[in-house]
Amino acid sequence: MRSPETFLVRRASSSGAIKNLATVSSSLLPAFGTTIDEGYLQLRKYIIAPYDRRYRWWQTFLVVLVIYSAWASPFELAFRKVAHGAGSLMPVDLIVDGFFAFDIILTFFVAYLDKSTYLLVDNPRKIARRYLTKLWFPLDVASTLPFNLIYRLFTGHMNTGEVFGFLNLLRLWRLRRVSQLFSRLEKDTRFSYFWTRYCKLISVTLFAVHSAGCFLFWMAYNYKVKENTWIGKQMNNFKDRSIWLNYTYSIYWSITTLTTVGYGDLHAENTGEKVFNIFFMLFNIGLTAYLIGNMTNLVVHSATQTFAIRDAINQILRYTSKNRLPEHFKEQMLAHMQLKFRTKELQHEEVLQDLPKAIRSGIAEHLFKRTVGKTYLFKGVSDDLIAQLVCEMKAEYFPPKVDIIMQNEVSTDFYILVSGSLDLVTYKDGGEQFLSKLGPADIAGDIGVIFNVPQPFTVRSRRLSQVIRISHQHFKQLVQPHVDDGRTIISNFVQHFRSLKEELVEEIPYITELVVSIHLAQYS
């Protein structure tokens, strides 16, 4: 047995570089307690991995041939001229059968996944034993054998009996490959789930229409009194007419019956056709329910977010109207709600909450460490403390003209601006006064958090802004064990405070006294 580790991803080249993680197989999960031998990652010679890119392309090519078989098998049963006359499809059938015969041989060299250990088995004897003991092998062989050609080789003449037409229907066993392809595409994030599912439903419908039309024409063709058939009433000597004209009539009847239109121009004439119509219409009930159910599910799924946005907006409108809130509050609430839905896929916590802590820490460092390191407060601080801080930070988006921090509110968090722009505003003499503008890598709310006092300013977003925040509690818990880093942070804050504009310092005279006392304590 071999570990499936090297076959979890599609390879870009022989060098083994990972190209796309969207093709990861969800079935290759090692069982608990399973020991994976890292020294044997290569399969045996001449053994093919089931997730090898070249083998997958081969399987996709066979699906194209399956589509031909699904069309040709019922068609050759209904229209004998195509199966045995001039312009016969037999040469094409033999070529297609040859490809599937080669695939049967190839299957004896394809490793398989052991469901008990979730390891790839590359032992040729075990691969052969598993394939030969499964139902797949006899059905693969039966669907590939050219029975008509074999009969001709043994008897010396061609048999046009109905039995060979029904034996050719064994080729429909190959349709399982199409089902497997659609199942794989539905899990592949590189393809739209909606259009993949839609193509699957269309394929099922077309196959049902084609098969029903061919079977009903076969019944009319083999009925004793041709005039007492569904097509004989409309077209005399239909046996001598063009194959494609008869096929058009058959498909027309099948579609009008499937869609329950039933114009009445083509209808069952004898008992056999009526019995077939009964079962076909019962089948149509199930097929229609399946199609409508799936299409409804796809449409509703694609519109789920739209419905959620509309419901959230309606709730906000009802709330603001009932409580008679000012217009600017309503605008801020609506802007925040819309931004929340637009950036849903970018929400840091929602994406990472189910991941292991080590992965979350690595991602947080990659996203935020550079920005945190640029802030004045953490210059000269150890990488260890910064790594711990970024792991506790949360990313948020704010639309324009939204108050992120309110003046005199209790200090709970401070914010580091990643992108966008913020305004510092204070309320004085009954009006607002603009104090300063903050840009990327600037900090808001730091004064309130460091001194544990109410926030001295209102912080408002000037335009769409992304910030990362950390709570007062987490900040102090992480800094407390790092004494030297704590001193560096206080020193950075004191130097930054001295560089503030005079109009800012004048608004917080009590903070000036605290800064002076801290500075004296540092050098005492």
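In this predicted model, Arg174 lies over the face of Phe100, at 4.1 Å from the ring centre. Lys239 lies over the face of Tyr221, and the distance to the ring centre is 4.8 Å. Tyr221 also belongs to an aromatic cluster, together with Tyr68, Trp71, Phe75, Phe79, Phe217, Phe238, Trp244 and Tyr247.

The protein has 524 residues, of which 40% count as buried. Its secondary structure comprises 21 helices and 12 strands. Among contacts with a separation of 6 or more, 71% join residues 24 or more positions apart.

Aromatic pairs were searched for across the whole structure, and 30 were found. One of them joins Trp71 and Phe75. Their ring centres are 4.7 Å apart and their planes meet at 20°. Planes under 30 degrees apart count as stacked, so this pair is stacked. Both residues belong to helix α1, which covers residues 53–78. They are four residues apart, about one turn of the helix. Trp71 is partly exposed, with a relative accessible area of 28%. Phe75 is buried, at 1% relative accessibility. Trp71 and Phe75 are both members of the aromatic cluster described above.

Phe108 and Tyr131 form an edge-to-face pair. Their centres are 5.1 Å apart, with 75° between the planes. Phe108 is in the loop between α3 (90–107) and β3 (112–114), whereas Tyr131 is in helix α4 (residues 124–133). The pair therefore ties together parts that are 23 residues apart in sequence. Phe108 is partly exposed, with a relative accessible area of 22%. Tyr131 counts as buried, at 6%.

Nonpolar cores were examined next. The largest has 46 residues. Within this core, Val372, Phe378 and Phe475 touch the most other members. Leaving aside residues up to four places away in sequence, Val372 touches Phe378, Ile386, Val390, Met393, Ile416 and Ile468. A second core of 42 residues is separate, and its members include Val63, Phe79, Met235 and Leu258. Phe79 is also part of the aromatic cluster.

Ile416, a contact of Val372, also touches Gln466. Gln466 lies in strand β12, which spans residues 465–471. Its relative accessible area is 17%, and a residue under 20% counts as buried, so Gln466 is buried. Not counting residues up to four places away in sequence, Gln466 touches Ala395, Glu396, Tyr397, Ile416, Leu417, Val418 and Ser419.

Asn237 has a positive phi of about 55°, although it is not a glycine. Asn237 is found in the loop between α9 (193–221) and α10 (243–258). At 56% relative accessibility, Asn237 counts as exposed. Lys401 likewise has a positive phi, near 60°, and is a residue other than glycine. Lys401 lies in the loop between β5 (394–398) and β6 (403–405). Its relative accessibility is 61%, and Lys401 counts as exposed.

Cysteines were also considered. The search of the whole structure finds zero disulfides. Cys199 is partly exposed, at 40% relative accessibility. Cys214 is buried, with a value of 2%.

An unreviewed UniProt entry lists residues 55–74, 94–114, 135–154, 201–223, 244–263 and 275–293 under "transmembrane region". Two of these spans were described in the model. Residues 135–154 are 85% helix and 0% strand. The end C-alpha atoms of residues 135–154 are 28 Å apart. Residues 275–293 are 100% helix and 0% strand. The end C-alpha atoms of residues 275–293 also lie 28 Å apart.

Conventions: Residues are numbered from 1 along each chain as its sequence is written. This is a predicted model: local features need pLDDT of at least 70, side-chain atom pairs count only at pLDDT 80 or more; totals for chains, interfaces and linings use all residues. Side-chain values use heavy atoms; hydrogens and water are left out. Rings of Phe, Tyr and Trp (its six-membered ring) pair if their centres lie within 6.5 Å; planes under 30 degrees apart count as stacked, over 60 as edge-to-face and the rest as tilted. Helices (H or I, at least four residues) and strands (E, at least two) are DSSP runs, numbered from the N terminus. Buried means under 20% relative accessible area, exposed over 50%, partly exposed in between (1.4 Å probe, protein chains only). A charge sits over a ring if NZ of Lys or CZ of Arg is within 6 Å of the ring centre and within 35 degrees of the ring normal. UniProt positions are given in the numbering used here, feature names are shortened, and annotations may be inferred rather than shown by experiment. A nonpolar core is a set of buried Ala, Val, Leu, Ile, Met, Phe, Trp, Tyr and Cys residues joined through side-chain atoms within 4.5 Å. Contact means heavy atoms within 4.5 Å. A disulfide is a pair of cysteine sulfur atoms within 2.5 Å.
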